[in-house]
Amino acid sequence: MMFIGMLLLRLKTNIQPLMLFIMIYTIAMLFLGIYTFFLKESNPIQKYKRFGFIGLFSLYVIVDTYFNMQRNFDHDIVRSTLAYYTDIFGLFNNVSALNDE
């Protein structure tokens, strides 16, 4: 994912369509999370929700890598790094929860 972010920057790719897709994907996952909150824990939708969150956090890592390598983080390296590590933590958290189920 980090390699893809660096490759997009190297090729000078416009990532605005990717960011629009991520925004729509995030809203959809928010609604799915609210929906599955009221279901039983052993529901098979929970597993698909985990896969969805893994894909979402993977896209966030790509975009954060793109912005960090482009140095487009408004001169606040702490906030940029925190966003990057939060995405990686969310990714590993969902992978480990997927293995527990």
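Student: Is Gly5 buried or exposed?

Tutor: In this predicted model, Gly5 is buried, because its relative accessible area is 0%, and buried means under 20%.

Student: Which helix does Gly5 lie in?

Tutor: Gly5 lies in helix 1, which covers residues 2-10.

Student: And what does Gly5 touch, leaving out residues up to four places away in sequence?

Tutor: With those left out, Gly5 touches Ile62, Thr65 and Tyr66. There is also a C-alpha separation to note: Gly5 and Met69 are 64 residues apart along the chain, and their C-alpha atoms are separated by 8.4 Å.

Student: Which residues make up the largest nonpolar core?

Tutor: That core has 9 residues, namely Leu8, Ile15, Ile22, Met29, Leu56, Leu59, Ile62, Val63 and Tyr66. At least two of its residues come from helix 2, and at least two from helix 3, which spans 45-70.

Student: Which helix gives the most to this core?

Tutor: Helix 3 does, with 5 residues.

Student: Changing topic, how many helices and strands are there in the chain?

Tutor: The chain has 4 helices and 0 strands, so written along the sequence the pattern is α-α-α-α, where helices are DSSP runs of at least four residues.

Student: What share of the contacts with a separation of 6 or more comes from residues 24 or more positions apart?

Tutor: Such residues account for 74% of those contacts.

Student: What about burial and overall extent?

Tutor: Of the 101 residues, 30% count as buried. The C-alpha trace spans about 45 × 25 × 20 Å along its principal axes.

Student: And the surface and charges?

Tutor: The accessible surface is about 7,400 Å², with 68% of it belonging to carbon and sulfur atoms. The chain carries 8 positive and 7 negative charges, whose mean positions are 6 Å apart.

Student: Lastly, where is confidence lowest and where is it highest?

Tutor: Helix 1 has the lowest confidence, at a mean of 84, and helix 2 (residues 16-37) the highest, at 91. For the whole chain the mean pLDDT is 85, and 93% of the residues reach 70 or more. Where pLDDT is low, predicted coordinates should not be read in detail.

Key:
Residues numbered from 1 in each chain as written. Predicted model: local features only at pLDDT ≥ 70, side-chain atom pairs only at ≥ 80, totals over all residues. Heavy atoms only, no water. pLDDT = per-residue confidence, 0-100. Buried < 20%, exposed > 50% of the residue type's maximum accessible area, 1.4 Å probe, protein only. Contact = heavy atoms within 4.5 Å. Core = buried A, V, L, I, M, F, W, Y, C linked by side-chain atoms within 4.5 Å. Areas by Shrake-Rupley, 256 points an atom, 1.4 Å probe, with all protein chains shown as cover. Lys, Arg positive; Asp, Glu negative; His and termini not counted. Charge placed at Lys NZ, Arg CZ, Asp CG, Glu CD.
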